[in-house]
Amino acid sequence: MLPRISSRLFGCAFAVCTLALAACGGGGGGGSTTPPVQNPGGGGGAGNPPSTAPSVAPSGAPSGAPSASPSIAPSAHPTQTPTQSPTPAPTPTPTQPPTTQSITMLPDTSGRFSMIQINDTDGVHAGMTTSQIQQEAPFFDAVWGAFYPQVWNSAHPGMYVSRYVLPNEDERLISGHDLAWFQTNHPDWILHACDANNNPQPNDLAYFYTGFGDVPLDIHNPAVVDYQVRMLGDYMIANGYNSLAIDNVEFDNYSAAPNPEFGEGSPQPGWFGCGIYSNNTFVRRYSGPRLASDPAWNADTLNWLATAQSILKNDSKYAPYHLKLLVNHPPFTSTPDANEQQMLNYVDGMLDENGFTAYGRLFTGKQFMNTLNWMEYAQSQGKAIFITDYYCSGTCSTDPNSLTPQQMDWALASYALGNNGGAGLFVSPKGGAIYTYRSEYSRTYGKPCGGYVSNNNLLSRQFANGFAVVNYGTAAQSIQLPAGHTYTDIENRPVTNPLMVNTTDA
């Protein structure tokens, strides 16, 4: 019989059994005890790319759905000096995704860690080197914001390689259009600002915090959205992208003003993007205050997604490439509202930027369950769910080996609880373009024996070759592991049975 490898995530969250006598015998299993979750949240721009790209030729058109097996093994040593702290190259063989039917755009992620990368550059630092991308790509299923798609495609043909975009702005790096161009050719496409008292500001523009220097646009105008989507579709086909990563899909007006990227000064409290000028006459699109839910804003956001889906999936020019749409929409509540349900109808997957770590705060109680329930809900609707677990939002290490076993256990066990075959994961000390591979990602833990079981803030789930347990409560608890197996944690440390799980531990 095949040995069972078990892992303990976050101190004791994920146990992998070694010497298994029966795939799902000895207890565990059960069904999920909570309904699916929901909600929106903020995002982050990928930034401007460095002037010198990695030296790999473009690969042309997208290669379609991810392949079951990466065709290039990671190199043993980097071919150029990394810009971050040196990280040993991965040595395990890349995990082979199961061949069973997938429930989302991702290849079936059951019983394994389906990893994603967020960015390969952030515009401030040099970002990932060519060799780091080549080392990491064979182990990963997707990259959210790629500026070097040819490198990812070469290292892992068929993985999902996404072009980052903010729907409320032009993409100057693609279009080549600056503010002067829009003022000359389409002045009524430019989204202007209102102050905190809702007064229009003809000389100030909306601002969306991306750092690209892109012109804010009026997405209420169908001609604007058509221009954006077709420009993006052409660019994706020409440069080897097979998916579009749409940032900051939120159902409130999160714009600010004035716009510092055009020399207008710093954003002021309460200022927001509110309308356009047509023939020198102000036409209101949105009402304040900033970060308030505005039905007009919500309708325009949903229409942008609907138009993108319609053009990219139905237009004969783009349909053969099967381009996927992803949104960054972190959840904050337990069930999707009407806007969120409609949003999911238009996309193939969503990213939850808060994940289970909330930039180092670690979600507990209701917040933890919100994320877990949303994972299940998205997958139940056939949508991929990408969880990002950052452990720092300030100055911190960029070396993935700086994460402790406890931090890795928390992220991996929480993911395993909610992964029903269509979830991806990014774990990192901080956001940005950071090489993130760790040896734990190559471990497999087998098909689930059922859903997770809840017992007084202690969640557990049994798998054919492992057992995940997470304590998201405020007191330590003990749990009896399934009998008939010997366990280690995912870092290969011995695990006792029964197992004591500390608070916010896994």
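Biologist: Why is Gly418 called buried?

Modeller: Its relative accessible area is 0%. Buried means under 20% relative accessible area, exposed over 50%, and partly exposed in between, with a 1.4 Å probe and protein chains only. Gly418 is therefore buried. This is a predicted model: local features need pLDDT of at least 70, side-chain atom pairs count only at pLDDT 80 or more, and totals for chains, interfaces and linings use all residues. Residues are numbered from 1 along each chain as its sequence is written, and side-chain values use heavy atoms, with hydrogens and water left out.

Biologist: Where does Gly418 lie, and which residues is it in contact with?

Modeller: Gly418 lies in helix α9. Helices are DSSP runs of H or I with at least four residues, strands are runs of E with at least two, and both are numbered from the N terminus. Contact means heavy atoms within 4.5 Å. Leaving aside neighbours within four places in sequence, Gly418 is in contact with Leu372, Met375, Gln379 and Arg461. Thr371 is 47 residues from Gly418 in sequence and 8.9 Å away in space, C-alpha to C-alpha.

Biologist: What makes α8 and α9 oblique to each other?

Modeller: Helix α8 (residues 365-380) and helix α9 (residues 405-418) pack at an angle of about 45°, with their axes 9 Å apart. Axes are lines fitted to C-alpha atoms, for helices over the stretch in contact, and angles run from 0 to 180 degrees between N-to-C directions. Under 35 degrees counts as roughly parallel, over 145 as roughly antiparallel, 65 to 115 as roughly perpendicular, and the rest as oblique. The pair is therefore oblique.

Biologist: Which residues meet there?

Modeller: On the α8 side, Phe368, Leu372, Met375 and Gln379. They meet Trp410, Ser414, Tyr415, Leu417 and Gly418 in α9.

Biologist: Why is Gly421 called buried?

Modeller: Its relative accessible area is 0%, so Gly421 is buried. Gly421 is in the loop between α9 and β13 (423-428). Not counting residues up to four places away in sequence, Gly421 touches Ile103, Pro107, Asp108, Thr109, Ser110 and Gln379. Pro107 is 314 residues away in sequence, yet 8.1 Å away in space, C-alpha to C-alpha.

Biologist: What do the buried residues of α5 and α6 pack against?

Modeller: In α5, the buried residues include Val224, Tyr227 and Met231. The buried residues of α5 pack against β4 (160-165), α3 (172-175), α4 (179-185), β7 (243-246) and α6 (295-314). In α6, Trp297, Asp300 and Trp304 are among the buried residues. The buried residues of α6 pack against α5, β7, β10 (324-328) and α7 (338-346).

Biologist: What is found at the start of each helix?

Modeller: At the start of α5, a side-chain oxygen of Asn221 reaches to within 2.9 Å of the backbone nitrogen of Ala223. At the start of α6, a side-chain oxygen of Asp294 reaches to within 2.9 Å of the backbone nitrogen of Ala296.

Biologist: How many helices and strands has the protein, and what share of its residues counts as buried?

Modeller: The protein has 9 helices and 19 strands. Of its 506 residues, 58% count as buried.

How values were computed:
Polar contact = N/O pair within 3.5 Å; in protein donor to acceptor, adjacent residues only side chain to side chain.
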